[in-house]
Amino acid sequence: MRNQEIKGKKQAISILFLILIMVVTIFIYLRGYSVQQLLETLNNINYGFLTAGLAMMVLFVSCEATNIHMIMRVLGQPLSYRRCLQYSSIGFYFSSITPSASGGQPMQIYYMKKDDIPITLSSITIFFIVFVYQIAMVFWGLLSVALRYGTAVRFASKLKYLLIYGSLVNVGAILLLFSFMFSRNIIPKLLSLLVKAGGKLRIIKRTEEVKSKVDQSMALYREKALVLKNHPILFFKVFFVTMIQMAALNLMPYLIYRSMGYHTSHLLDLFACQSLLTISVSAVPLPGAEGVNQGGFLRVFDLFFPQSAITSAMLINRTISFYIPLVISFFVYIFVHLRTMKLLRQR
């Protein structure tokens, strides 16, 4: 019960922090913007394209569920697709309310553990998904530069330093995650140091017992990592699904663009800008990259939207791609949490 109280407090703090950033964002970017302007835009909008945008976000979450489903089957822990979709939604929710999306993966592992999925299996699955996600994100960025070099140059002229920062962090994350999954020495040494430090600080009392459990877990972890390593076709399957997942996200500005009645700019130009913007803001240590995402959209997509419409476009884009999925994933999380608590009381 005490752990639940602590988790609840941390979640409340995260939500309040996100709301605070949202308020600051409104103050910075929406000064002088009236609700009447938004209503006029919504009165003339093509809701077919907005529905397609919502469908893209459903696809985004569903792709991760598909990856969890595929990896768990290879690891010998088959799960229903419905359960995988729940874990994916939990990941989206907690990634959205925590800085640098740091809370999504631990909470996925936590609820998998409550469903009797060993931490070794859940952690290697989540590591693998994040690893491939980073690769797909960078790959789409490189492909966008190759296909739309002129647009990429114009993007860089507006957000050069943020793009460099995001690129370096994401490439570094790829190398780090690869080491975490497949190195035989890095993780065991790191965990050993943590156990020793915990013993010296009197945080861990039975250091030898804890070290023995850690060694057993790491042996199983390496075994499962080797399973993934010996199934290269799985990497390409997960990569393919993740490329679709990233494409769904990067299509959003174009769908907003078309929904507002514009059609002169090419799909690939808006797609390229969103691909590079995703890389640029993904490493910003704010929940959902709130504020930075909106500011980046306003700076970059004025290449396509007229000045009179860019703020409305940003609001609609952010609502479809972030706020609505956040609310939906919150309700999924509540459902899973209540189900989990009920099962724990019955045991």
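Which residues does Ser 122 touch, not counting residues up to four places away in sequence? Select Ser 122 and show its surroundings: Met 72, Ile 109, Met 112 and Ile 117 are the residues it touches, where contact means heavy atoms within 4.5 Å.

Before going on, note that this is a predicted model, in which local features need pLDDT of at least 70, side-chain atom pairs count only at pLDDT 80 or more, and totals for chains, interfaces and linings use all residues. Residues are numbered from 1 along each chain as its sequence is written, and side-chain values use heavy atoms, with hydrogens and water left out.

Stay on Ser 122. Its relative accessibility is 0%, so Ser 122 counts as buried (buried is under 20% relative accessible area, exposed over 50%, partly exposed in between, with a 1.4 Å probe and protein chains only).

Ser 122 lies in helix α6, so named because helices (H or I, at least four residues) and strands (E, at least two) are DSSP runs numbered from the N terminus. Select α6 (residues 119-147) together with α3: their axes come within 10 Å and cross at roughly 130°. Axes are lines fitted to C-alpha atoms, for helices over the stretch in contact, and angles run from 0 to 180 degrees between N-to-C directions. The angle makes α3 oblique to α6; under 35 degrees counts as roughly parallel, over 145 as roughly antiparallel, 65 to 115 as roughly perpendicular, and the rest as oblique. On the α3 side, colour Phe 60, Glu 64, Asn 67, Ile 68, Ile 71 and Met 72; on the α6 side, Leu 121, Ser 122, Thr 125, Phe 128, Ile 129 and Tyr 133.

Keep α3 (residues 47-74) and bring in α11 (residues 252-259). These two helices pack at about 165°, with axes 8 Å apart, and are therefore roughly antiparallel to each other. Here Phe 49, Leu 50, Ala 52, Gly 53, Met 56 and Met 57 of α3 meet Met 252, Leu 255, Ile 256, Arg 258 and Ser 259 of α11.

Last, select α12 (residues 267-282). Its 16 residues should span 22 Å at 1.5 Å a residue, and the end C-alpha atoms are 22 Å apart, which agrees; the expected span is 1.5 Å times one less than the number of residues. Of the 16 residues of α12, 13 are buried, so α12 is largely enclosed by the rest of the structure.
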